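Walk through this model from the chain contact to the sheets and then to the domains. Keep the structure open as you read.

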Amino acid sequence: MAALCLSCTANGEAVALHRAEPGSAEPLALRWAGDSEGGAPFVEADPRHPDQLVGFDVEIADLIAHALGRTPQFVLVRFESLDQSIERGDADIALSGIEDTPARRATLAPTIPYYEFREVLSVRDADAARYRSLADLRGRRVATLGGTIAYEILLKAERDVGVQAVSYDDDVHPYTDLILGRVDAVLLDNVLAERRHRFVSGFTTQPQSVAVGHYVAVLSSRNTALRDAINDVLLGAMRDGTLERIFRKWRVWNADQPAMYARLLAHEPVAPIVGLDTSGSVATMTRSDAALRYIPSLLRASVVTIALSCLAMGLAIVIGVLIATGRVYGGRALRGLLTGYVELMRGTPILLQLFVLYYGIAMAIRLPAFAAALLGLALNYAAYESEIYRSALEAVSPGQLEAARTLGLSERQVLTLVRAPQAFRLALAPMTNDFIALLKDSSLVSVLTVMELTKQTQIFATNLGSWVIPGTLCAGLYLAMSLPLGMLARRLELKWR
Amino acid sequence: MEMNQGSANPVVLRMEQLELRRGVRPILRDLTLDVMRGELVALMGPSGSGKTTALRAIAGLEPFQSGRIQVGDVMLERGGAAAVPTLRRLRRQVGMVFQFHCLFEHLSAIDNICLAPVHAHHVAPGEAARRARELLTAFGVEHRADARPRELSGGEAQRVAIARALAVDPPLLLMDEPTASLDPPRRVELGALLRGLLEQGRALMVATHDEEFAREFATRVVRLEATAG
């Protein structure tokens with residue numbers, strides 16, 4: 001029978017810290033989740049030993065695990081999914097520069113903060129004198145990472161001072177786009193801003209901070225006993241200087257940390273965010289109030305989704321028709337070229353194509369985000385559409401074409417008056433399928449900062465700390481868009497049969 | 001309904017020593033034939049003797065290896081596909097009704113008939129529709145003007161197909177197995193309809209297996225022999 005070593009926490013709950021199996025000295029693992037894509041100084045693969053992780057969050061996870069007598073075991077989870085993953089039980093604890101927010105306090109069991117950061121504004125060097133604060137950026141595009149405190153600050157600034165909030169999926173491209181002129185400022189925490197400064201020049205970080213926040217580790221709300229034990233470990237590490245050594249090593253130690261540690265060691269409360277009024281946070285509302293708060297932005301995002309999908313499909317149809325016509329009627333060289341295009345677009349991920357269009361060719365052609373999204377979806381879907389049209393054109397009976405020729409129609413007229421209209425009927429059902437698929441694939445363009453329905457839902461879910469209501473609303477909106485399309489297609493098919 | 005009387009020459013179609021092969025397989029060999037205005041020539045012979053191929057060659061759908069075909073003042077020479085201007089002139093001279101009619105599935109009966117006059121011969125749409133209705137009335141299917149091909153019976157579809165072929169008023173009408181899907185009463189009706197066309201001065205060439213139809217309605221029967229191959 002397993003012997004359990006128990007430790008009692010301040011509130012008297014018992015927590016399993018170490019389990020010794022008879023005949024085995026194997027300690028219990030501490031599964032900790034993080035996103036190594038986030039990079040140093042948080043979590044990244046060691047450039048010299050890519051199979052090993054380095055970063056201050058890695059060292060803090062090690063510190064906690066060893067203090068609890070456990071073996072740290074890393075679980076890779078995308079940054080946006082860390083909360084849900086913890087709640088699901090994929091890992092015991094998540095650490096990856098996770099911000100302390102009212103939503104996390106309401107739905108998870110965050111630890112005490114272990115690092116205090118400042119939200120800082122970065123602008124191009126040439127703009128350093130005129131864009132000192134958010135108030136100076138009326139009508140300007142300000143970038144940040146979606147679903148963060150900084151994004152909430154920007155949404156408030158959108159309402160209060162008229163900035164345009166632009167959401168990114170990572171913390172690297174906001175700065176490259178700042179240099180390229182696609183955005184006019186970036187609001188992110190000082191750790192991220194300083195890290196980017198080491199690799200990119202041409203921007204200035206304003207000294208005045210916009211807000212103050214904290215990094216915490218999060219555990220499932222069912223796991224408060226382990227959370228309290230970890231809090232004790234963190235307090236010990238603050239007291240004995242272990243955390244200071246870790247943060248100095250990663251060059252992020254500053255005067256804010258000892259001040260916060262002193263408050264924590266004196267058992268003073270630390271607010272999750274200073275400088276942003278979070279009393280109206282959706283996490284503190286009832287679910288129905290939160291849903292009502294987000295419905296307008298979800299509807300706006302639906303308009304983006306439907307507009308983008310309709311325009312992209314329209315363009316894909318035009319390009320697809322041209323490709324199919326070229327493949328059926330063109331010479332050998334043209335047919336080879338077009339076949340190559342179709343295979344390239346079908347054989348590579350659409351996400352990669354979107355990245356290439358928006359970031360890859362940005363030095364030569366600086367496409368706006370919506371244009372790049374539209375073009376990326378259209379070029380990709382054109383390849384699929386062209387295959388549908390090509391097979392539909394080839395499915396039109398040769399007798400129909402010969403009958404048209406014997407009547408004196410030119411080859412062009414045979415195509416436009418006889419072959420294409422009949423092929424279109426054959427293509428209608430697969431085209432409808434593709435349109436519905438495109439409607440859903442349009443969610444991929446959020447990587448290009450286009451705020452469409454899925455991205456808006458993700459932000460809603462992050463702020464609410466739950467996917468149930470946002471996911472239901474999002475699914476309802478997608479169905480409201482796709483079902484009428486399916487019905488329209490069925491009616492057209494019946495009419496034209 | 002009066003046909004175009006542009007040429008005084010009674011010979012509408014002349015085929016001279018026509019030879020046609022597919023690969024090395026001979027289909028037509030030394031076919032020489034004149035068809036006069038007012039004639040209904042039944043082209044007969046066993047399956048594979050080249051009846052349909054001969055019609056297709058006359059309609060400019062099939063290239064041939066030697067000999068020549070003259071329809072009115074349009075000359076088709078051996079070799080590949082004829083030049084576009086030649087084919088354009090040819091298709092004012094020859095109408096073709098396919099065995100399975102090949103009506104355009106996406107168009108109504110009347111739109112099938114109007115398509116070529118409007119788009120290939122630049123007849124005003126109103127005038128084309130008026131003429132199409134005349135043809136449908138003459139063939140007894142005016143009540144089916146707005147029906148789609150799939151809604152027509154075999155006999156109705158054939159009459160619409162004949163009307164479509166005649167919409168540009170060609171002196172020569174080619175028909176491939178026109179009685180194949182008709183019951184005896186419909187066959188008699190078709191014969192009467194074709195006689196009416198002959199009376200207008202048209203020439204008809206009909207590929208058929210139907211001995212009875214040929215005996216009753218053809219002015220001349222030409223038998224093709226199966227080529228060795």
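Predicted model: local features only at pLDDT ≥ 70, side-chain atom pairs only at ≥ 80, totals over all residues.

Chain A puts 15 residues into the contact, and chain B puts in 18 residues. Two helices of chain A, H14 (398-406) and H15 (411-441), each supply at least two residues of the side that touches chain B. What is the make-up of that side of chain A by class? Six residues are nonpolar, six are polar and three are charged.

Now turn to the sheets of chain B. One is an open sheet of five strands with parallel pairing. Its order is E6-E7-E8-E3-E9. Strands E6 (94-97) and E9 (220-223) of chain B are the edges, and each pairs on one side only. From one strand to the next, the twist averages 20 degrees. Look at one pairing within this sheet. Strand E3 (residues 40-44) of chain B runs parallel to strand E8 (residues 203-207) of chain B, and four bridges join them. Here B:Leu40 stands opposite B:Leu204 in E8(B).

Chain B also has an open sheet of four strands, in the order E2-E1-E4-E5. Its pairing is antiparallel. Why is one side of strand E2 (25-36) and of strand E5 (74-77) of chain B left without a neighbour in the sheet? Both stand at the edges with a single partner strand each, so one side of each has no neighbour there. The twist in this sheet averages 15 degrees from one strand to the next. Strand E1 (residues 11-22) of chain B is joined to strand E4 (residues 66-71) of chain B by five bridges, and the two run antiparallel. B:Glu19 stands opposite B:Ser66 in E4(B). A helix packs on this sheet too: H2 (residues 84-93) of chain B touches E4 and E5 of chain B. The direction of H2 makes about 120 degrees with that of E5(B).

Return to chain A for its domains. Chain A is divided into domain 1 (3-112 + 217-272), domain 2 (116-214) and domain 3 (287-496). The C-alpha centres of domain 1 and domain 2 of chain A lie 28 Å apart. Their contact takes 11 residues from domain 1 of chain A and eight residues from domain 2 of chain A. Which helix gives the most to the side of domain 1 of chain A that touches domain 2 of chain A? Helix H9 (residues 256-265) of chain A does, with three residues. By class, that side of domain 1 of chain A has five nonpolar, two polar and four charged residues.

Key:
Residues numbered from 1 in each chain as written. Chains lettered and ligands numbered in written order. Contact = placed C-beta atoms within 7 Å. Nonpolar A, V, L, I, M, F, W, Y, C, P; charged D, E, K, R; others polar. Pairing = 2+ DSSP bridges. Axes fitted to C-alpha atoms, helices over the stretch in contact; angles between N-to-C directions. Domains from an automatic or database assignment.
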